[in-house]
Each structure stands twice: as structure tokens, then as C-alpha cells.
Number of protein chains: 2
Amino acid sequence: MRSTNIKPQEYKVGKEDRIGANGHLPCIVWFTGLSGSGKSTIANQVEQKLFGAGIKTYVLDGDNVRHGLNNNVDFTEAGRQENIRRIGEVAKLFVDAGIVVLTAFISPFKRDRESVRSLVGEGEFVEVFVNCPLEICEARDVKGLYKKARAGQIPDFTGISSPFEAPENAEIEIATDRLSVDQSVETVVAYVMNLIKPAK
Amino acid sequence: MRSTNIKPQEYKVGKEDRIGANGHLPCIVWFTGLSGSGKSTIANQVEQKLFGAGIKTYVLDGDNVRHGLNNNVDFTEAGRQENIRRIGEVAKLFVDAGIVVLTAFISPFKRDRESVRSLVGEGEFVEVFVNCPLEICEARDVKGLYKKARAGQIPDFTGISSPFEAPENAEIEIATDRLSVDQSVETVVAYVMNLIKPAK
């Protein structure tokens, strides 16, 4: 807790104050993986568990970012880079606000993910590689996107016509073709709970 | 609290859940006014009081937004509009996360402020017009910006070479040339505390 004696008028509520109030450290839990690999499902269930344990959480995903903050970025390479950059900057603000923020975006490029990692401190970025073979994601094709991509209706589709650069040193790797959703969720929750050291 | 019986796998932690956990409603407290009018000073002290009362808070201001999320917008009219748009969208995310988010930006254009207001629900946007005469802001000139603007070194400077569109229906108006900082802060805190109805 900073002293407020010296320059009271310049005092700002800081991250340490928020950590004290929340009883846990903040971090970014960054899910990366192919479309259909299970990022959003796992992220939302991880949030549910953490929230249930009294942790201050928030999820950034396509639902709340694509049509809002990022409604003016396109799907060109530059646009996708800017998409991830903005998400990273917003995630950083949430970390500054003391929150465990989970993000669920394909984020196929290593350099973009590393840029986000560099925005926050050591131990504040948890990369979760949701590793599911393309064949399985494509077979599931929950949103019908792979079919469209194969038909050439979606340009630069990750895994089909644009590369996915797999993380080499992700804090957590989950093989969602072999683990159940519950097992995947528990793996992430256990890691995060240990990292953020909640008081209760 | 939503029922989780029907589709447990699609359950997401929602705003109502966060309100329940935090014990208060979220909102945007949007400070608008000339450079040097006292927006940041008041916003930070309001946050301090609210935080001290157990409210979940965060401040968005030039310090944490300009060099991060908005480091690629310029000071042209379009750039300034995009600047405020992004801040509004981020503030909306914080509201969704259950937080009382305070913003301190000149935001001179009525249409930009109204756009932000329209992003959130009734009673979730509190416009605070920090009303201080140009002469006084210019006489203070804390950052030396008015001097530079008068010398023509800063184009489109609000109050000098670009208009400030005063709010007509701000929830709160503070005449910082007549009220002390403490009085100004108390006015905003009292309004916000009543609006968000904290449990404790």
C-alpha cells in the first residue's frame, strides 16, 4: 500500500490496492487454437469455476469484442494483427484493474501473441494452447466455417488457407481431442489458482 | 441469477452474477471538460473514495489509454472520434464486468459522448460536465498546452482552435472555478453511490 501522506492530491488507486481488495493477483489467460478447438467453451467454464471461487474475472471473446471495439478491423493480415493488438491492450487494462481476464481468439501468429505477453509482467500471461487436430476441428465444424473455407468463400482461414503457428512454450497445452471438457477446465483452473494465490 | 439447468455447457457468468458478487451496480462516470478543468484530478479522487467504500472501480485516462490501445489514432477529427469510440467500447466492457469505470477525456463533441451513452443501459452512463471557464484553464495551464496552442504549435486545440460542445443535459455539472476539489469530489461520489446502491 502506497503512502498517501506526501502528495495526497496525486494519489491514484493502484494495482497493489486492487490486489489487496480482491485477495488475488490478476493475469491474462490467453487461449489460442484453431476454430472449433474448444477455446470459448473452456474459457467460459474456467471463468465459471474461478468466479465461483470468489475470483474477479472477465472473458473477452468474439461476442463482446468483434461487434464493439473491433468492429472496424478487417480480416486482412494487418487487420487481424490490429484485432489482437487491441485485445491485448484491453486485457492489459483489465490486469491493471486487478482482474483475471480470459481471452478466446484463434490468434494464429506467434509474434502477435508474444507482443501481448510483453505488455504485462512476468507471471501475468498464461498462454493456453488448445491443441486439437485440424481434422477433428473440421469434422466438428460447429459454425460451418470450414465448409465455407474449403469452398473458397472465406479467404485466409486459419488451418485451411492461412497458417496456425503453434506455441512452443505455452504455459499450458490441452489436447482437447483426448481430454474431456471437464479435464481441460480443471487443468487450467488448477494452474491459474496456484498462480494468482487467492487468499480464500 | 439465470438458471443453469437447461444448457449448462452454454452458461456464461453474466452481469447479474457480477453485480451479486460485487454488491453494487456498474456504470460509466464520464468526465468531460476543457484541458486543465480538473477532470483527472476529480476522477482519481472520486475513484479513491469509491474504492475505499468497497466499490469495484477503474479509471481510464490519457495515461493508460493514449500510449496503449489508442497509440495509433491521430488528432484529426476522425482520429479524435475513433479515440472516444474505443474508450466508450472499453468502458462498456468494464460495465459488463461489473465495474464502476471513470473516464477523464476532454471529449469535446456532443455526438461522440451521446454515442457512448447509447452503448450502455439506462442509468449506466453518468455524464459529469467539469465546467471551468477557458480563461481559468488557460491561466492555470498546468501542462503548458494552452501556450503552445496560442503559438500555433498544436492544431485543433479544444477551446482555442477547436470547439468544446458543452453538455446540455449532463447528470452532474461541476463549476470547478467555484467549488473546491473536495466539494466537487463529494458531489460526484454522492450521486454515484446513490445510483449504484451498494449493499454495504
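**The sheet of chain B**

Guide: Five parallel-paired strands make up an open sheet in chain B, in the order β2-β3-β1-β4-β5. Strands here are DSSP runs of E of at least two residues, helices are runs of H or I of at least four, and both are numbered from the N terminus; two strands pair if DSSP finds at least two bridges between them. This is a predicted model, in which local features need pLDDT of at least 70, side-chain atom pairs count only at pLDDT 80 or more, and totals for chains, interfaces and linings use all residues. Residues are numbered from 1 along each chain as its sequence is written, while chains are lettered from A and ligands numbered from 1 in the order in which they are written.

At the edges sit β2 and β5 (172–175) of chain B, each pairing on one side only. From one strand to the next, the twist averages 20° (angles run from 0 to 180 degrees between N-to-C directions, with axes fitted to C-alpha atoms, for helices over the stretch in contact).

Inside the sheet, β1 (residues 27–32) and β3 (residues 100–104) of chain B pair in the parallel sense over five bridges. Phe31(B) has Ala104(B) in β3(B) as its bridge partner.

Now for the helices. α2(B) packs on the sheet, touching β1, β2, β3 and β4 (125–131) of chain B, and its direction makes about 170° with that of β2(B). Contact means that C-beta atoms, placed from the backbone, lie within 7 Å. Helix α8 (residues 181–196) of chain B lies across β1, β3, β4 and β5 of chain B, at about 170° to β5(B).

Technical notes:
Contact = placed C-beta atoms within 7 Å.
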